[in-house]
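The sequence and the structure are shown first, and the text then goes through selected residues in turn.

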Amino acid sequence: MYDLTVKRDRTYGSTARAASAGQLAWYRDTSESSMAGVGVTTHKTRQNGRDALWLEIDYHWEKQSAPRKRLEVFVAGKAGYVYQLLVDTEATSQRLAEQSRLFAAARKNLLIDVSTG
């Protein structure tokens with residue numbers, strides 16, 4: 001199973017760096033997030049022609065030992081909002097290969113500051 005989430009938010013700031021730092025602080029608070037053993041690799045990238053941060057997060061759920069992997073991209077939009085896209089799954093070789101494909105497809109189709117109305 002995969003979790004795919006897109007969020008548009010101002011909670012942790014208006015830049016990709018601030019938003020990702022705030023989100024990581026929350027993840028590292030096991031009492032809040034239920035995530036444990038959080039390890040992160042951060043990459044600078046571009047998303048929709050804008051500076052962005054791509055995070056690879058290794059962790060496991062509290063009181064469970066099964067490893068998990070979360071891929072996230074943070075990109076600043078207009079009006080102080082930051083867009084966060086994530087794909088989360090169990091860290092098995094089969095799941096990780098598919099996760100990379102899902103993340104790439106989701107990033108390709110992520111629309112930033114586009115009105116649908």
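## An aromatic pair

In this predicted model, Trp61 is partly exposed, with a relative accessible area of 26%, a value that falls between the limits of 20% for buried and 50% for exposed residues. Tyr59, by contrast, is buried, because its relative accessible area of 3% is under the 20% limit.

A pair of aromatic rings is described by the distance of the centres and the angle of the planes. The count of aromatic pairs comes to 3; among them is the pair of Tyr59 and Trp61, whose ring centres lie 5.2 Å apart and whose planes meet at 80°, so that the arrangement is edge-to-face, the class for planes over 60 degrees apart.

## Strand S5 and its partners

Strand S5, which spans residues 82–90, is mostly covered, since 8 of its 9 residues are buried, that is, under 20% relative accessible area. S5 pairs in the antiparallel sense with strand S1 (residues 2–9), over 8 bridges, and within S5 the residue that stands opposite Arg8 is Tyr83.

Strand S4, formed by residues 68–76, also runs antiparallel to S5, and 9 bridges join these two strands; Glu72 has Leu86 in S5 as its bridge partner. S4 and S5 form a hairpin with 5 residues between the strands, and in this hairpin Ala79 takes a positive phi near 55°.

## Arginines over tyrosine rings

Arg8, already named as the residue opposite Tyr83 in S5, also lies over the face of Tyr81, at 3.7 Å from the ring centre. A further arrangement of this kind involves Arg95, which lies over the face of Tyr2, at 5.4 Å from the ring centre.

## Positive phi in two loops

Asn48 is found in the loop between strand S2 (35–47) and strand S3 (50–61), and its phi is near 55°, a positive value in a residue other than glycine. With a relative accessibility of 40%, Asn48 counts as partly exposed, because this value lies between the 20% and 50% limits.

Lys63 has its place in the loop between S3 and S4, and it too is a residue other than glycine with a positive phi, here near 70°. At 80% relative accessibility Lys63 counts as exposed, because that value is over the 50% limit.

How values were computed:
Residues are numbered from 1 along each chain as its sequence is written. This is a predicted model: local features need pLDDT of at least 70, side-chain atom pairs count only at pLDDT 80 or more; totals for chains, interfaces and linings use all residues. Side-chain values use heavy atoms; hydrogens and water are left out. Buried means under 20% relative accessible area, exposed over 50%, partly exposed in between (1.4 Å probe, protein chains only). Helices (H or I, at least four residues) and strands (E, at least two) are DSSP runs, numbered from the N terminus. Two strands pair if DSSP finds at least two bridges between them. Rings of Phe, Tyr and Trp (its six-membered ring) pair if their centres lie within 6.5 Å; planes under 30 degrees apart count as stacked, over 60 as edge-to-face and the rest as tilted. A charge sits over a ring if NZ of Lys or CZ of Arg is within 6 Å of the ring centre and within 35 degrees of the ring normal.
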